[in-house]
Amino acid sequence: MAALKAVATPSAIRLTGCFSDRRYPGEPRFPRLAMIGMVETRVERNGKTEQERRYYLSSAKLDAKTFAHAVRAHWGIENRLHWVLDVVFHDDLARLRTAHEPQNMAIVKHMAMNIVRNPKDKHSLKVRRKLANLNGHYLENLIRQKSTLT
């Protein structure tokens with residue numbers, strides 16, 4: 001394999017010489033890969049600048065503006081989901097670390113989150129979860145998706 005060489009262009013850095021015909025058993029394949037995108041962030045906290053790079057694989061070739069919108073949308077969904085799991089279900093306090101426990105509990109929490117999100121009443125997600133714990137009638141109405149929640 002040829003050595004990597006970075007070639008600077010006005011809009012990006014292009015790597016040349018990084019392709020090889022060598023293959024190995026079990027190597028990942030990306031038959032519909034259209035692009036690899038990179039987002040570089042710089043954040044200043046307490047007078048210290050932190051820099052981070054994240055790479056994304058995409059099956060669609062996107063221009064920079066569309067790619068940036070897709071990344072923001074992805075992180076918006078991720079942040080919304082994890083915030084609910086942490087605040088409503090105290091996910092950060094869970095100590096499930098072995099075998100299938102984390103995956104199984106994640107499925108149960110996602111199901112519960114969808115059930116708790118469904119009603120169109122005045123209560124917050126946290127209050128709905130607590131009401132379901134304290135009131136069997138409220139829990140039954142949540143599960144059965146009845147609209148007569150109090």
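Hi everyone, let me begin with one term: a residue is called buried when its relative accessible area is under 20%. With that in hand, take Met113, which has a relative accessible area of 3% and is therefore buried. Please keep in mind that this is a predicted model.

The protein chain has four helices and four strands. Reading from the N terminus, the order is β-β-β-β-α-α-α-α. Of the 150 residues in the chain, 15% are buried, and Met113 is a buried residue. The accessible surface comes to about 12500 Å², and carbon and sulfur atoms hold 56% of that. If you take the contacts with a separation of 6 or more, 32% of them join residues 24 or more positions apart.

Now, back to Met113. It sits in helix H2. What does Met113 touch, once neighbours within four places in sequence are left aside? The partners are Leu81, Val84, Leu85 and Phe89. One of these pairs is worth a look on your screen: Met113 and Phe89 are 24 residues apart along the chain, with their C-alpha atoms separated by 8.5 Å.

Is Lys109 buried or exposed? Its relative accessibility is 10%, so it counts as buried, the cut-off being 20%. Beyond the residues up to four places away in sequence, Lys109 touches Leu85, Phe89, Asp91 and Ala94.

The axes of H1 and H2 come within 11 Å and cross at roughly 90 degrees. H1 is therefore roughly perpendicular to H2. Which residues meet there? From H1 we have Arg80, Leu81, Val84, Leu85 and Phe89, and from H2 we have Lys109, His110, Ala112, Met113 and Arg117. Sorted by class, this contact has six nonpolar, one polar and three charged residues.

H1 also has a contact with H3. Here H1 spans residues 64-89 and H3 spans residues 125-134, and their axes come within 9 Å while crossing at roughly 45 degrees. That angle makes H1 oblique to H3. The crossing is right-handed. On the H1 side, the contact uses Val84, Val87, Val88 and Phe89, and on the H3 side it uses Leu125, Lys126 and Arg129. By class, the H1 and H3 contact divides into five nonpolar, no polar and two charged residues.

Last stop, the loops. Two residues other than glycine have a positive phi here. Asn46 has phi near 50 degrees, and its place is the loop between strand S3 (35-45) and strand S4 (48-58). At 84% relative accessibility, Asn46 counts as exposed. Ala99 likewise has phi near 50 degrees, again a positive value in a residue other than glycine. Where is Ala99 found? Ala99 belongs to the loop between H1 and H2. Its relative accessibility is 73%, so Ala99 counts as exposed.

Key. Residues numbered from 1 in each chain as written. Predicted model: local features only at pLDDT ≥ 70, side-chain atom pairs only at ≥ 80, totals over all residues. Heavy atoms only, no water. Axes fitted to C-alpha atoms, helices over the stretch in contact; angles between N-to-C directions. Parallel < 35°, antiparallel > 145°, perpendicular 65-115°, else oblique. Left-handed = near helix turned anticlockwise from the far one by under 90°. Contact = heavy atoms within 4.5 Å. Nonpolar A, V, L, I, M, F, W, Y, C, P; charged D, E, K, R; others polar. Buried < 20%, exposed > 50% of the residue type's maximum accessible area, 1.4 Å probe, protein only. Areas by Shrake-Rupley, 256 points an atom, 1.4 Å probe, with all protein chains shown as cover.
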